[in-house]
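Let's take a walk through this one together. Have a look at the fold, and then we'll go piece by piece.

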Amino acid sequence: MKILYSTVLAVCLTASLCASENYQAAYEAGQKASQEQKFEEAVQYFGEAEKLGGTAVEKYNAMMNKVTNLYHLQRWNDAVITCQQVLTMPDLPTPQANEAKYAMVITYIRGNKRKEVLPLLLTLANDSSMSPNQRADLAVNAGDELRSQGKIDEAITVYKIPELLPDINPNYMVQINLGLSYCYQSQQDYAGELKYAQRALNYKADETLAAAAMLRLGEAYMAGKLFDDAAKVLQNLINDAEKPLHYRVMALNNIGSIQNTLKKYDEAIAAYQSILKMPNLSDFHKGIAYMGLTYNYLALKKYAEANAAAEKSKELKELPPWMIFSIGYNQAMILEGTQRFQEAVVAYSRLLASPGFAQAQYDQINLVIGNIYLYRLKDPTKAKEFYQQAAAGNTDWIKKHADAALDKIKKAENPTQFRQ
């Protein structure tokens, strides 16, 4: 007969608690189990302490500790239910009630329910009875959610809630300023984007957030075409071995992007090769490097090298959709660059048939295939089919080019004589 571990644990806990005579013994046992990262045991002990508690304070402390350990176990629903039970306690003082509300909201967020809890997030972020740091954390999460929904003006208002609050944790201030920088980037307000990116570096935050702030400032300088300033910030990030690997990789990626923009393709290639020399790279990081190499080798018309990098990309696993698209798109460009136009059409069409990409990416592929049929394969009938698909999309610059091509086809007496 199979005996479940949970059953054995419950029996052992019951026996040990019989030996412990009071609330204090159960509470201390829970603390010890939690310190030893025995979170299941801790939940059981704090549950018993809640039952044994003779005062509201004892019950409150036991229940909130239970929430912490449920949180560690990622038992989000149970943690939320426990917080709700705390909030039903009679005559619960405001600071304790706020702590329970805060814990409940953060648990919702960690359980990937930030969107559902946004109204409560906004209410609590504006509640002056909450502590300044609680309000700052809630404002960060509410602002991030609003920004993800494209509600940029509302996000800016929420991010600015903590600006006048005292003694805010520097980590929250960095996140707030980063959020504001991204908001102004979305609004194409370069002055605002740069202002808040610079502010984010004014706070002594942990290494991860400090690295995020350096990367954001580098990107803001790039947006303003201040490439020397961008390169300086990014190179400082790359050279700091204490900073997380991910941000150093992305800084090198941006260095490569700067060099590509300046048409210094060999320097860009050197940057992406530097990524591949870094230890403990994830497949995502390798994908960044191989995509950069492919793209810059293509710019130099070094198709063999571009193809070798693209083939390496295909070996990688668990990549995001945008990266999968870029890898496929680069390989199609290699075929097109080597004048294997029919094979290029097949490669591009394979991307069209793949789900999960952005509509703008499908629109772009239709435009490219239309160009190949019209200018390379001299088949305006097939070209028209793909241009119409591109023109039916919602990407303005693509619609403009597709409409212009369709107009040419319509007006030209001999479309096969078109030249790029």
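This is a predicted model: local features need pLDDT of at least 70, side-chain atom pairs count only at pLDDT 80 or more; totals for chains, interfaces and linings use all residues.

Now step back into α6 itself, which runs over residues 94-110. Its 17 residues reach 24 Å from first C-alpha to last, close to the 24 Å you'd expect at 1.5 Å a residue.

On to the nonpolar cores. The largest has 50 residues, and Val174, Leu215, Leu234, Leu237, Ile275 and Leu293 have the most contacts inside it. Helix α12 (residues 207-223) gives this core its largest share, 10 residues. Apart from it there's another core, this one of 31 residues, with Met130, Val140, Ile152 and Tyr159 among them. Zoom in on Leu234 and, setting aside residues up to four places away in sequence, you'll find it touching Leu215, Gly218, Met222, Ala251, Asn254, Ile255 and Ile258.

Last stop: arginine 199, in helix α11 (residues 190-200). Is it buried, partly exposed or exposed? Its relative accessibility is 32%, so it counts as partly exposed. Beyond its neighbours within four places in sequence, arginine 199 contacts Glu163 and Asn177. Asparagine 177 is 22 residues from arginine 199 in sequence, yet their C-alphas are 6.5 Å apart in space.

Terms used. Residues are numbered from 1 along each chain as its sequence is written. Side-chain values use heavy atoms; hydrogens and water are left out. A nonpolar core is a set of buried Ala, Val, Leu, Ile, Met, Phe, Trp, Tyr and Cys residues joined through side-chain atoms within 4.5 Å. Buried means under 20% relative accessible area, exposed over 50%, partly exposed in between (1.4 Å probe, protein chains only). Helices (H or I, at least four residues) and strands (E, at least two) are DSSP runs, numbered from the N terminus. Contact means heavy atoms within 4.5 Å. The expected span of a helix is 1.5 Å times one less than its number of residues.
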